[in-house]
Every structure is written in structure tokens, then in C-alpha cells.
Amino acid sequence: MRNPSKLSDLVARRGFLIGAGVAGAGAALGTGLALPGGSPRAAAATAPPRSALMTAALGTPLDDLPDAVREAREAGPRLTGAAAERAARAARAAKTLTPFLDPLPVPRVVRGRKGELTVTMRQARVRLHRSLPYTRLWTYGGAHVGPTIEAKRGSRLRIAWENELGGDYPVAAVRVPFAYDPELPLMWDRPGREGAAVRADVAALPPWAVVHLHGAVTGGGNDGWAENAVLPGAAQLAEYPNEQPAAGLWYHDHAMHITHLNVMTGLGAGAYLIRDEEERRLRLPAGDREIPLVVYDRNLDLDEDGAFTGGLLYKGIVVADDPYELVRPFTGPFNLVNGVIWPHLDVDAGWYRFRALNASNNRPYLLKILDEDGGELPSTAFRLIGTDSGLLPRPDPVTAGVPLTPGERADLLVDFSALRGRRLRLVNALPEPGARPDLMEFRVASRAGHDAFVPPKHLATSFTPVTPPDGAPERLVVVTPVYPKDPELWEMEETEAPEGDLPIDGIVQIEDERGTVRTFRRVAATFEDPVRFTVAAGATERWKFLSLEKSEGAYPHPMHLHAVAFQGLSREVYDVSPFTFFELPGGGYGAGTTTPIRWRKSAPLTAAERGPKDVISLAPAQLITVGATFDGPPGRFMHHCHVYEHEDMMMMRPFVVQPEAVMALAPHHGHRSRP
């Protein structure tokens, strides 16, 4: 990096990731791609090492990085002049918003009539906090969080997603180089533009939107293909079979290249709840005691005097510009629940069911409920009963918080019976929660309520663990590290070990716990590359996700498969130090392993990860294996990292599900993975 001191501020904090996001003009995604025509060998020169400060920025604790502390002491530009004053005004403005003033909005519930429903995307003006001016948004039905759609298992629902949006793009976007002042919150933790001009390319975006029903087992034509977005005056017509167990799905924008921006406009989330008879028999809290909690972070614009304008702000922080420009995926200082900053909810002294969703661009959450003294809610009063794609076999007591990466959900039971008259806070307990850890406040009624609910000991008795048979197809998806370029998503194919010296661009060797070395080559790395994974309809497969990121404390990649529910089978930790970047003879950087990456140990899966999932958290240096049975309708789907900036910068790949008889007649059906 030409100027590593740009990142000196990061030493003041621990446990967060820069996780570089949108590629700038200097980035070359997929440089040196090794396709089946051959893999160019490495030049002698390797990429410059990542500075200790960059590694600290990826989340590794500073106690393990003495060089980062030294770099911070020796160098670090400070804000001066007008820039320093703007930053100070922004920090003061953030403190003017008082938490817990506004009641939690509860989205209205809608159901189809005769199997049909219309949801209109339209412009609206809403208040995100009572002390703020109105905010102009593009919305599902006029609210910051869309209506909750209820459907019955086995009852087909056709939805017309009508686009009646209009007006200028409602989010101001800026891009600013990183600067540090130790007396102020970090740039992404304070509002305002930092003196940068609004990006004209974002301001010129049209209301081009497509809805993806996340978690739905539906045909490819109804999945919300990213390139099939519609403009105003048109409707996206989708049919959802709902042939899947009761679950808390959700819908959000998925427009190609601009999802990370469109969700900011207000097209970020709405709940879609599938009901079935098994769930009904459990007699879980319902009605006004079943409440969605849609959590995400945002930033706000300021005028020249440092006052809030009411507008939303997408502030991209450039954390490196050599050899490529790296921009940190969005996080912001204000946590919202159901579209309101730090709301409160009045609750009775009894049991509630909360359907929690992390709808943020990049920020992971660790949800905890704390009392006035900072004590955690006891596990007898806090239980996880379901995850992304349905109920667990049995309740899991919450003893260390509920982790949620972007796209993950948690079905929670909370008992307020012993907390009459108390005020409790839902917080993000991760080390980097933004300007403040609070999400919302629960205000428990002072009188005892009548509540006959008894939590069931067993939940989804119909849940069947996925057990891929011997010889089941196996897919390997690799996520490369940050720096010297943005992280990439590689689809791999097993191959013979190459002759000669390593590294070779796109070649990764893996040594498992038995000492067996397998060699894989990259066969695809951008969305435009040909489809390499074709799945036989009804097949059960193993999908393996491997992160080659070396910084142990980095934010995880939430890996998402469309059109199927899967189940975690194993988590393993590897020594990924042999993976390296190097200069290619024709320019740019290639990447591969110098020696096999080696198995270090197994790591546990959570109860949620062993249940029905559609997003799973992939931490640095880990290999996660999931099992999935593709028993839904065939079609073309996507798999990707659910950090929105990452999927928009090509960490997203198509895959196809086809009837096996059709695959057998394909002229080139050799793309099926080896067992």
C-alpha cells in the first residue's frame, strides 16, 4: 500500500472488518482469471504484504499486532481546518438524538385474496426519529419496512410487485478518503458527507427494482433474478408455491450492481411468514405478541451547519488506493428496528415471539437483552426456536447472545413475566456496534398479566437432518482475502496436481485432517462467467465454502444459496497462510497456494446452523460444509455473499437446477462436480 498511515485510526478499535467493498475505477475484478484454457504461472514478484494496520482493520486484536501499534504512533494524518470542524459538528449532531423516544412500528399484516396479492412500490415521507425532519423513501407500501405477508404452506400465492416509484434517487452517496482524529468517532460512525460532493452516477440512477423473496423454494422465473428488474409503470409478477415448512422468509431488492444502494432507499426488507399445521399445534405467542424485529444500520445527511436534513446518506470510505481502490462496505452510526432509530416497545409481563432479521448491508449483530444493571436475560426466559428456514427440533436456550450476519434470521421466545415494571435494552454486543450498542428498549408492564403459555419441549418433529450419501456431488466455493484487491468468489473444480513450481494463478491445494492433498482449479470468478454448477433436480449435495482470509477477527462472509434450505454439516479451521497474491507477467495480480493449506482443527456448529438455514456465517480461515436437497422447482438461481457490496462487486454466481434426464442429453454435461 502506498500510504498505510491512512488506516492508523483503526488501532483505536478491535473486532471489525474493513471487508473492502465496491471496486473503484482502479480495481480489476477477476484479473488473471484461470479458465479451462490454462493457468498462467506466477511471476517471481509477490504482492506487497498487507500492512499491520490493514490487518488490524480486518479485525485482528491489536494485542496480536505490535507493528500496528508502532505504525499508529509513528504516523497518522489528523483532520485539520474545515475538515476537522465538519467532523466535530457531525459527532455533536449524532449525540443530539435521544434513544427510545419513538414507539416501535409493527408492520401491517397482509394476505392474498383468492391466491393473489398486489404490493406497490411507491415513494413516501416517513420519520426515522421524532427529532428528525421527514425522510423521503422508496418503499413497499408506504412504510420503511414493508408489510408482513402471511401465506399458508401448500397454498400458492401470486404477487404483483408494482413499480410506481418516482422522483430523484432518495439517497445521497459520497466517497471519501479515510482520515483519522483520535478524539472523534470513526468516519463511518458519524453522520455527514465529510465535505465530499454527491456522486452524480448514483444520483442519476432510475427507480429500477426487482424483489427477491429470500428463502423461498420457487422456480427460477419467480426468484427475482438480479437482471430482471423493472422500471416505473411495470410490475414484476411472481408465483410462490409455499411448498415448504413454516418459516420466516423476507423480501428485499436484488437489482444487479445496485442492491447495496437500492436497499438504502427503503426497499430493504419486509417479512413473509409461511404458516403450517405443525406450527399451529405448538400454540406459540401470536397476534400482538408475535412481532418482527428488522434490524439494520443507516447514516444520515447533514447540512452545512451540521443539522440533520432528514436525508439518508451512503458514505463510502476509501481505505486503500494502491494497487487497487478498496472501499469499506457500508456500516453506519444509527441502528434502526422496523425502520425507526432506537425505538421502544411496551410489552406485557408474559411470553412474546420475536422474528428477528439482520437486514443490514454488512454489519453483523450479536443480540442480547440487558436489564438496567447490564445483566443478561436468563436463558430460562430467552430461547431460540427457529432459524432462517424454519423451526428447530427443540428450543435452544440463549446463553451467549444470538449471532446474526446479514440475511440471517432468528425465531425467538422471550418471557417478561418476572420483569414487571422493568426497562430492558436489546443491544448489539459485538465490539464494534457503531455509535452506540443500543437497538431498542422493552418497557414491561407493572401489572402481572394472564399468560398460560408453556414453551414446548419439542418443536419441528418433522425436521429431518440432511445426510448426503457417499458419492454425493460436492461443490467448492472459495472466498479470497482482502488486499491487494477486493475479495473474490471462486468456483473450483478438482484437478490433477500440476507439474512444476507453485503458486499458479487459480490453483488451490488443500490437505485435510487425514493428510490427503487435493488440488482445485478456479473455473469461474465473476457473474458473467459461464455456469459451472448444474444440479440434478432432487439431488442431495455437499457445498463447501472456504475463506482464505488470514485475519481471524474479520467480519464473516454470510454465504447464501437461493431456492433451497440447507443444513450445516461441519466447520473446520485451516492454516491458510500458503495462499498468496503475486504479479502476473502481463500485469495485475494472480493468486494461489505455494503449498497446501492444512487442516488445523474442527470447530463447533451452533444449534441454529444445524437447523434449516439459507445463510451461513463463514469466518476467516474456515471451511464450512452444508448439505442441501434441491427438491424445489428447477431453474437458474444464484449463490453469493450476502454483504450487499460484495454481491454487487461480483461475489455472486449463477447455478442451474435441471431434471437429471435433461442433463443426460446435454452435449457438454461434464460440468457436474466430481463426487
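Reader: What counts as a pocket here?

Author: On a 1 Å grid over the protein atoms alone, a pocket is an open set of points with protein on both sides within 12 Å along at least five of seven lines, and lining residues have an atom within 4 Å of a point. The model is predicted, and totals for linings use all residues. Residues are numbered from 1 along each chain as its sequence is written.

Reader: What volume does the largest pocket have?

Author: About 1000 Å³, where a volume is the space filled by probe spheres set on the points, joined across faces, edges and corners. Of its 43 lining residues, L366, P403, T606, E609 and S617 are the closest to the centre. Strands (DSSP runs of E, at least two residues, numbered from the N terminus) that give two or more residues to this lining include β19 (365-370), β22 (402-404) and β36 (597-603).

Reader: Where does the largest pocket lie, and why?

Author: Domain 1 (109-448) and domain 2 (474-665) both contribute lining residues, so the largest pocket lies between them. The domain bounds come from an automatic or database domain assignment.

How values were computed. This is a predicted model: local features need pLDDT of at least 70, side-chain atom pairs count only at pLDDT 80 or more; totals for chains, interfaces and linings use all residues. Side-chain values use heavy atoms; hydrogens and water are left out. On a 1 Å grid over the protein atoms alone, a cavity is a set of points where a 1.4 Å probe fits but cannot get out, and a pocket is an open set with protein on both sides within 12 Å along at least five of seven lines; lining residues have an atom within 4 Å of a point. Helices (H or I, at least four residues) and strands (E, at least two) are DSSP runs, numbered from the N terminus.
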